[in-house]
Every structure is written in C-alpha cells, then in structure tokens.
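Open the model in your viewer and keep the selection tool at hand. The tour goes from one stop to the next.

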Amino acid sequence: RPPRSTLFPYTTLFRSVFRLRTRELMVVAAFISICYGLMLALLIHLRPEAVDLRLTMLRWGAITVILLWFALMGGYISRLRKELKATKSAIEDMAMHDELTGTFNRRYLMETLQREKSRCDRIGAKFCVCMVDLDFFKVVNDTFGHQVGDEVLRAFSRHTLQGFRGADCFGRYCGEEFMLILLDTTREGARIKAERLRSDTEKLAFANLPPEVKLTTSIGVAEYRPGEDIEETQRRADAALYKAKEAGRNRVELEAVAVAE
C-alpha cells in the first residue's frame, strides 16, 4: 500500500478536477509538487540516514510528471463537463420553446395545463385557458411570403409576452394559433386580459407589412372546472374561439356557461 504522503497529491488534485480550468489545475499541481519537494528536503535534512536520495528524487520527479498529466486531463474533463452542461441546457430549452417564436411550445403548454389542473384540484385555485388565433394569417403568407409571415409571428409573440405577468404562460400551439394560460384568474378576469390583447394587437404595426395591413385576433376563453379532464377545458376554449370566428373575428368570446351555473 502506498504511503499517505504519496497519496496526498493525487487526492487533492482529484477534488479539483471538476471545478478548475487547466491553468488553475497547473498552478495547483505546481504548488503540490513544490510542497512535496520541500517536505522531502526537510526529511533529508532531519534524517539523511533514513532517506535513499536517488529513490526520493525519482519519486518526486514521477509525482511531478503525474500531477502535470492530471492537470492537463483534468482541464480537458472540466471543459467537457461545461460543454455537456451547456448542451443539456440547450436541449432543455429546445424541448420547452418554439423554435420560430421563442415562446413555449405545445408540449410545454400541455404539461403546464396538467400541472395547473393538479394544483387547482388540490387547493381550489382557478385558472383560464385562452385560445388565440391570428385572423386571415394565410393571406399574409400568400401575399407577402412565408418569411414575412414568420416575422409577423415573432413580432406578435414578443408583444404578447411583454403584456403579461411572468406567472402566466404563453406559447405557440400550432401554426398561427397560440395558447395563453392565465393563473389564479377567473373567467371575467381572463376576458378583460384577452380583450386587452385583442385591442393591442389591432394597433400593432409591422415593419414588413404595409401600414394599411392590420393584424387582428380571435380569442376563445374557458375557465377550468375542478375535477374535469383538461381536454374538456381545451374543448370549451376551442368552441369559444370558433364562435368568435363565426361572429366576424377580431373579438373575444367566453365559453358557453353551463345551466347549473
């Protein structure tokens, strides 16, 4: 079994491998080598008869080389660890966000709905779902091209994100259809917020569109009812959205209220 004095440099450096960069590890390795050399020099000075000078110097040289190798490999491992962490973060971001608009994607929206359902069933809170559709968006794509259409989607998304609380959840559901999840909000509160979004969108100006071209939205609002499947809440929000479209678009419609209410 190697003596404790021989193991000390390795254990010290091992603890630093995942925390320090190559240059910092080289400094640590040099410091350990110098300290180890001073310890051997002191031992030679105090007990020269107990020390094999040739073997001691050979051991010191070997330890120094190994420490430097550990520093280089440790720096490489540290860089790999940081790259993996950055890659993991990027993958997680891609799994949550829509690539075009930067808003939350459909998968994340559905996960949020399920979490809110569980929370509301547990503590009796309220939340609302708003389905938001850009009116006649196909005309924008067909007339001005898909690149302009993509920029319109991005601009609309940026504007919408600026107008809501951080606790609320907004994302692209599919195509030109978006979903807004309003937490701790009643149906009437959701209607007010949806109406503000509709009104603000109507006033938006887009750099790549002629001034006379205005973007409008149709919005359907539904409040979650405790105990129901989240698909039912969505179905009622979709029905309200279709009602808004059939009524002429550029309007907000609430879900149909049950007779029992």
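This is a predicted model: local features need pLDDT of at least 70, side-chain atom pairs count only at pLDDT 80 or more; totals for chains, interfaces and linings use all residues.

Are helices H6 and H7 oblique or parallel to each other? Select residues 146-162 for H6 and residues 187-202 for H7. They pack at an angle of about 135 degrees, and their axes are 11 Å apart. H6 and H7 are therefore oblique to each other. The crossing of H6 past H7 is right-handed.

Next, show the side chains where the helices meet. On the H6 side, select Phe 156, His 159 and Thr 160; they meet Leu 197, Asp 200 and Thr 201 of H7.

Within it, Phe 170 and Phe 178 make a stacked pair, at 5.3 Å centre to centre with 5 degrees between the planes. Both Phe 170 and Phe 178 are buried.

Select Phe 127 in strand S1 (residues 127-134) and Tyr 224 in the loop between strand S4 (217-223) and helix H8 (230-246). The two residues are 97 residues apart, and the pair links distant parts of the chain. Their ring centres are 5.1 Å apart and their planes are at 15 degrees, so the pair is stacked. Phe 127 and Tyr 224 are both buried.

The last stops are two arginines over rings. Select Arg 106 with Tyr 173: Arg 106 lies over the face of the ring, at 4.1 Å from its centre. Then select Arg 196 with Phe 164, where Arg 196 lies over the ring face at 5.4 Å from the ring centre.

Terms used. Residues are numbered from 1 along each chain as its sequence is written. Side-chain values use heavy atoms; hydrogens and water are left out. Rings of Phe, Tyr and Trp (its six-membered ring) pair if their centres lie within 6.5 Å; planes under 30 degrees apart count as stacked, over 60 as edge-to-face and the rest as tilted. Helices (H or I, at least four residues) and strands (E, at least two) are DSSP runs, numbered from the N terminus. Buried means under 20% relative accessible area, exposed over 50%, partly exposed in between (1.4 Å probe, protein chains only). A charge sits over a ring if NZ of Lys or CZ of Arg is within 6 Å of the ring centre and within 35 degrees of the ring normal. Axes are lines fitted to C-alpha atoms, for helices over the stretch in contact, and angles run from 0 to 180 degrees between N-to-C directions. Angles under 35 degrees count as roughly parallel, over 145 as roughly antiparallel, 65 to 115 as roughly perpendicular and the rest as oblique. A crossing is left-handed if the near helix is turned anticlockwise from the far one by less than a right angle, and right-handed if clockwise. Contact means heavy atoms within 4.5 Å.
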